[in-house]
Amino acid sequence: ASFTISLHKVDNTTVMIKLRPGVSPSCQIRIKTVIRSELNIRPGEDVTFTFTCRTPEKYFIMEIQKNIDCVSGPCPFGDVHLYPLQLPRLNRTYIWDVKASTKAGLELKFSAPWLRQIEPGETCPDFISYNINSCIDKATVNIGTFCRNGSVSRVKLLGGVVMSLHLPWDSPLTTSGFNIANRASIKRLCIIESTLKGESSITLMSPNYPLGFPEDELMTWQFVVPSSMRASVFFHNYSLSNCERKEERVEYYIPGSLSNPEVFKLSDSQPANIAGSFNMSLQGCDQDAQNPGVLRLLFQVIVQHPQLDENVTHLVDLSKERNMTVTIHFEGWPGHVPLMSEPICLICKDPRTCDRVLTLASGTVYRISFLCKDLSRLRITAEKGISCVDLWRCQRKIYSLSVPKPIMQLPIRLHKFIWKLLAPDLINIEITSPSLKLQQHVPEQRCNMSYSYSIVSATPETELNVGIFCPGGSIEKIQMRNNITISLKTFGKGFINESNPQDLKMSFVPHIKDECSFTVSPNPKAKVYLQTPNWPYGLPPYVSISWYFMVPSKQIARLGFSKNRMGIACETGRAYVNVKEETLGADETVRREDELLPDPRNMYHNFWVNISNCKPVDRTQLTLQFWVTFADKQIDLGIILAMVAGAGVLVVIGLTVCCVKKKKKKTQNPMVGVYNANVNTQMPGKKGLFTKGRQNNESHVYAVIDDAVVYGHLLMESNGSIAPEVDVYRPFEGRIGSLPPSPPPFSFRKDIKCSSNTEEESPPLTDTDHDTYTFAHQKSGQLEDSRDANEKDKGDTSMPLMENKERGGLVE
């Protein structure tokens, strides 16, 4: 198809067709027999041409520029038309260059649906966009880029204007959408009028955004708002230049205000809840020539209906609180930003100071109100710090970790309350829940309340997520080293009812041995599930955790592990599980990472469970879960019968002895005793090996056998030296009842075989040997033979085993 473009000379219009940037010249323009890659048609010319391809829109773009002189001649007021008609279907840009005097500015008026300003680089949904530039002398200022369907209804500019309209090749638009309405002096860079009807939200930017507002310039936005509506201004992105003189500021002219203009810094909270129309002006300054900086502003204006409860104030008294901040925000803050079309909730600390996010500081009393149709979309997040520098001053204090009443009384749901507990070295933190106790959130025993506590222990090197807990469990106390963060998080609307009373307490205590220690006092009928911290990622290397279980006197506890192995391999050190009852002479059960964990077993006294980690190889992690149940102690019927029978035998023996004694008294004559000091009262017999009897010497006391003597041939290294003492396991020797069992050294090796005098190897220990690390017992026959031999040799008729028990020695 051929195209003909005729340009009248009086229209002062030029048409240029050229290749799109970056496109290969696969298509060209043919004028009669001449082939061209571009075409420039001047005013008064008439040109007919064709394209050498069927889809020229893929290769060519078109610019139509019209020059309008409003300085030397009359200005063509009225609608601006798209000229010329019947142009090829190419992506095209219409440019109107209007010359005007700086003493008489120009007013551009846009037809409905008006314009909407967009950020540089943003595209319009229909790909139709306007660009407005102001020309003052030789300087050009980009007022902004706009799409259709917005609120910008008029723009007044000082000096000339360069107006551009970008249309895609398939656009059906036949009108420019604006007119030159008037010519008037404005004494400022520009005035942008924005007309808002009904509830809406608009975003506007300062000229030359984001490159920078011109130096020492002034511009104004006029907002036309129905008197029945309320408008609020929010600055989202701004920066300041380096001023030599004057000061950058924002000025508001609000009808009915007692202090017009109201002056604000860009860093201030801007006016909110403005009734009706108002003006806002941006004033620049004289910038430093060496380092001018950049003044820019992006802001939002929100218009909404007045709220029925906007005059209702809520007292928030934080005067007695310390180191606490309270933030009231919209749901999803700070990650989620509400869409412009969503209804907005505003929080006001006075009638004109409102924002979508309001932070309240401790030590102050606030009266706040809400401009919000639905308060259920608002949330509260609070944070409080508690620290201790001197243990002597703060170790006797008990701090209540409860949500203050002023926060609970607000008609807004609490989202999260965070306590940051800070303690220096050698001062640790103890968390208690005396009446409600805590339950650990595990897959088998989930928290189903409306709130829970997340506890995290932090060190400079690592962070230990202790776990998630809720009230109503068995954990009375948690002791932790390092700084602690406790986060109370709510779920649903039942927090106010379920959290009364709040029972979490905190205190500072002296240094503890493990990273974390739990005190568990279960309900006698409960089954308690517990798991290692940092679940499911595993304990950090070389971390030790302890649990202390309190067993009622008439109960038996049964302890079991959820799997039979730890499931890790150690690169450095050893991982151990220690179980020990809190009773004199109790055996300590120890399992290494390469051994089977203990089978379920009964515990008759209070007991400890200690889990200590090594440095695992690869990415394997130590994660363990175990359970504890309780049952009443059962008395065996056989034992009762045996006790009754034994009592009967003792009664018979007693009666017999009594009868014999009475018979002797009747038959024997009374004896006369004469004391003779020279008579030897000892019975004759063979003199023993020891000059003292068994009661007088210490032959019956067990000797402590050094491990190096028994295992010497195994502890010897290849060069003949003895391995260090850390390779020998030492059982728990701490004070019972206050400390957990000590974890074995990481280098302990259980697979050492002991040699006897006959040089016969003892059978290897199997996985079913639960009491692995206890003393071997002598056979009863050997014990009796040795006892008889000693008694024959020493002539001692005392009871050595009973005496040994009284001395506290080891009884086999």
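Let's start with the word buried: I use it for under 20% relative accessible area, with exposed for over 50% and partly exposed for in between, using a 1.4 Å probe and protein chains only. Cys354, for instance, counts as buried at 4% relative accessibility.

Some ground rules. This is a predicted model, where local features need pLDDT of at least 70 and side-chain atom pairs count only at pLDDT 80 or more, while totals for chains, interfaces and linings use all residues. Residues are numbered from 1 along each chain as its sequence is written, and side-chain values use heavy atoms, with hydrogens and water left out.

Pro113 sits in the loop between strand 10 (105–110) and strand 11 (115–118); strands here are DSSP runs of E, at least two residues, and helices are runs of H or I, at least four residues, numbered from the N terminus. Another cis bond joins Tyr209 to Pro210, omega about 5°, and Pro210 is in the loop between strand 18 (200–205) and strand 19 (218–224).

Then which non-glycine residue shows a positive phi of about 65°? That's Phe127, in the loop between strand 11 and strand 12 (129–136). Phe127 is exposed, at 58% relative accessible area. Asp216 also has a positive phi, about 55°, and isn't a glycine. Keep Asp216 in mind, in the loop between strand 18 and strand 19.

On to the disulfides. A disulfide is a covalent bond between the sulfur atoms of two cysteines, and the cut-off here is a pair of cysteine sulfur atoms within 2.5 Å. How many disulfides does a search of the whole structure find? It finds 9. One of them joins Cys348 to Cys354, S to S 1.9 Å, and with 105° about the S-S bond that link is right-handed.

Now look at Cys570 and Cys614, S to S 1.9 Å. This link is left-handed, with -85° about the S-S bond. The pair connects distant parts of the chain, 44 residues apart: Cys570 is in strand 48 (residues 570–572), and Cys614 is in the loop between strand 52 (607–612) and strand 53 (615–616). Cys614 is buried at 0%, and Cys570 counts as buried at 19%.

Glu571 and Lys615 make one, N to O 4.0 Å. Glu571 is in strand 48 and Lys615 in strand 53, so this pair ties together parts 44 residues apart in sequence. Glu571 is partly exposed at 49%, and so is Lys615, at 35%.

Overall the count is 17 salt bridges. Arg154 pairs with Glu107, closest N and O atoms 2.9 Å apart; Arg154 is in strand 14 (residues 152–157), Glu107 in strand 10, 47 residues away. Glu107 is buried at 9%, whereas Arg154 is partly exposed at 24%.

And back to Asp216: its side chain meets Lys246 in a salt bridge, 3.1 Å from N to O. Lys246 is in the loop between strand 21 (243–245) and strand 22 (249–253), so the pair ties together parts 30 residues apart. Lys246 is exposed, at 54%, while Asp216 is partly exposed, at 28%.

Last one: Arg574, Arg592, Glu593 and Asp594 are linked in a network of salt bridges.
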